[in-house]
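Reader: I have a structure open and some questions about it. Can we go through it together?
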Amino acid sequence: MHHDYDFLIVGGGMVADAAAKGIREQGSEGTIGILGEEPTPPFPRPALSKKLWTDPDFTFDAAAMHTSEETGATFHLGSPVTGVDTEARTATTAAGDTFGYGTLLVATGGRPRRIEGLEPGDRVLYFRDLADYNRLRELAQGRPRVVVVGGGYIGSEIAAALSQHDCEVTVVHPGEVLGDHVFPDALARRFESLFTDAGVRVHGGLKAVGGREDGDTVVVELSDGSSLEADVVVVGLGISPDTDFLPADVARADDGGVRVDERLTTSVPGVLAAGDVAEYPDRILGRRRVEHVDNAGEMGSAVGRIMAGSTETYDHTPMFYSDVLGVGYEAVGTLDASLETVVDERDGGAVVYYLDDQEVRGVLLWDVEVDGGLDQARAVLAEHARPTDASALVGRIG
Ligand SMILES: Cc1cc2nc3c(=O)[nH]c(=O)nc-3n(C[C@H](O)[C@H](O)[C@H](O)COP(=O)(O)OP(=O)(O)OC[C@H]3O[C@@H](n4cnc5c(N)ncnc54)[C@H](O)[C@@H]3O)c2cc1C
């Protein structure tokens, strides 16, 4: 079948939703088509590791984003786009359908990074979509032994959720202390103890290097030559941008992300990109790719408005948030524990500044509530200040 749309969005996730709404916000009545590999229309993806586990009143239906109802966009779901021809202005799906477009948006997010030899399966989940959530929910019945591979935010949130659902959870991560790639040492130790206090076993200094499903058991092989047996394995090792279907004239960044300018436009006029897949020039922090929901929402609406004729540029520096086992944290900019850090302790919480070459590049608010704290953090980053005495930062936010 062939379909034509004024606005064609490849990828049916959070950016697709925001972009379709942005197009309408700009006043355009053009037709919108959304091509998604997942069988579900857009939903708030963070719920998969958060509220759906912790809030009994929060259902998937209640969380739905109502893209089609609000914008009249037509969804074509369940088949990935396998090719784009930027001359002919068409996209093709694996199902063999073709789609003509006026303007194309690439909003394909990323695919979970894999461990070679540990194939996704019935009991091995590379956690990303609703099918993974539903399967894990089923598997979480009856106190299973779960190995979570990866100590990043998805791994830690899933480990927390499962430990609260009576699972026997072991986290395997390469650092010395859980979270020590993002938090300064003392904070990482507090972070790890949230998990150990909840009964989670934490094995640091290890990578999963392979494994196999054997009936109802999964064996995970570890970098020190040992192995772990589990009933379920959840892998959260981050994502790689999903851009293989794009022709070479759409320029990529080194990590495969799609390079866009401040108007979220790629090297090919009429082709735009946004969200997890897009490497964009952040007004304050420079070129980067951000895998966070605030970016998906803000960049998604901006790209929709731009596709529909707005002359704006994208100038939002996104925030990130997470909460685990009763502790919430949020941040703007680069959180990298290998940078110099200044910790401003606050009533059990902390504000942490990350400095690269003496310049503040990231701010973390750990278990503190500060009115307008993130905007204050953005203001600190925007100064590009290089304080001669970094401890002078203490008290800047609050
Ligand atoms: C479990 C989980 C928890 C998260 N929690 C947080 C959080 O707490 N805070 C936070 O800031 N961020 C969080 N995130 C990240 C956040 O959800 C993403 O940044 C956001 O979803 C990005 O939106 P996107 O539209 O770019 O990508 P996605 O929402 O991933 O959507 C991309 C869509 O494109 C589809 N697709 C891919 N390739 C193709 C193709 N070739 N053809 C057609 N369709 C394709 C995918 O199937 C997917 O539906 C979380 C992510 C996950 C998975």
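Predicted model: local features only at pLDDT ≥ 70, side-chain atom pairs only at ≥ 80, totals over all residues.

Reader: OK, the ligand. How many residues surround the ligand, and which are the closest?

Author: The ligand is surrounded by 35 residues, and the closest are E38, K50, V81, D242 and D276. To be near, a residue needs a heavy atom within 4 Å of the molecule.

Reader: Which helix gives the most to that shell?

Author: Helix 6 does, with three residues. Helix 6 covers 153–163, and among the other elements that supply at least two residues each are helix 1 (14–25) and strand 21 (319–324). Helices (H or I, at least four residues) and strands (E, at least two) are DSSP runs, numbered from the N terminus.

Reader: How far is the side chain of D242 from a nitrogen atom of the ligand?

Author: An N or O atom in the D242 side chain is 2.8 Å from that nitrogen. A polar side-chain atom of D276 is 2.7 Å from an oxygen atom of the ligand. The ligand exposes 990 Å² when taken alone, and the protein buries 97% of that. Those areas come from the Shrake-Rupley method with a 1.4 Å probe.

Reader: Switching topic. Why does T40 count as buried?

Author: T40 counts as buried because its relative accessibility is 15%. The cut-offs are under 20% for buried and over 50% for exposed, with partly exposed in between (1.4 Å probe, protein chains only).

Reader: Where is T40, and what does it touch?

Author: T40 is in the loop between strand 2 (32–36) and helix 2 (51–54). Leaving out residues up to four places away in sequence, T40 touches G12, F60, L77 and L130. Contact means heavy atoms within 4.5 Å.

Reader: And the sheet with order 17-19-20? Which are its edge strands?

Author: That open sheet has three strands with mixed pairing. Strand 17 (258–259) and strand 20 (286–289) are the edges, each pairing on one side only. Strand 19 (residues 278–282) runs antiparallel to strand 20 over four bridges; pairing requires at least two bridges found by DSSP.

Reader: Last one. What does UniProt list for residues 5–300?

Author: An unreviewed UniProt entry lists "domain: FAD/NAD(P)-binding" there. UniProt positions follow the numbering used here, feature names are shortened, and annotations may be inferred rather than shown by experiment. In the model, that span is 23% helix and 30% strand.

Key
Residues numbered from 1 in each chain as written. Heavy atoms only, no water. Polar contact = N/O pair within 3.5 Å; in protein donor to acceptor, adjacent residues only side chain to side chain.
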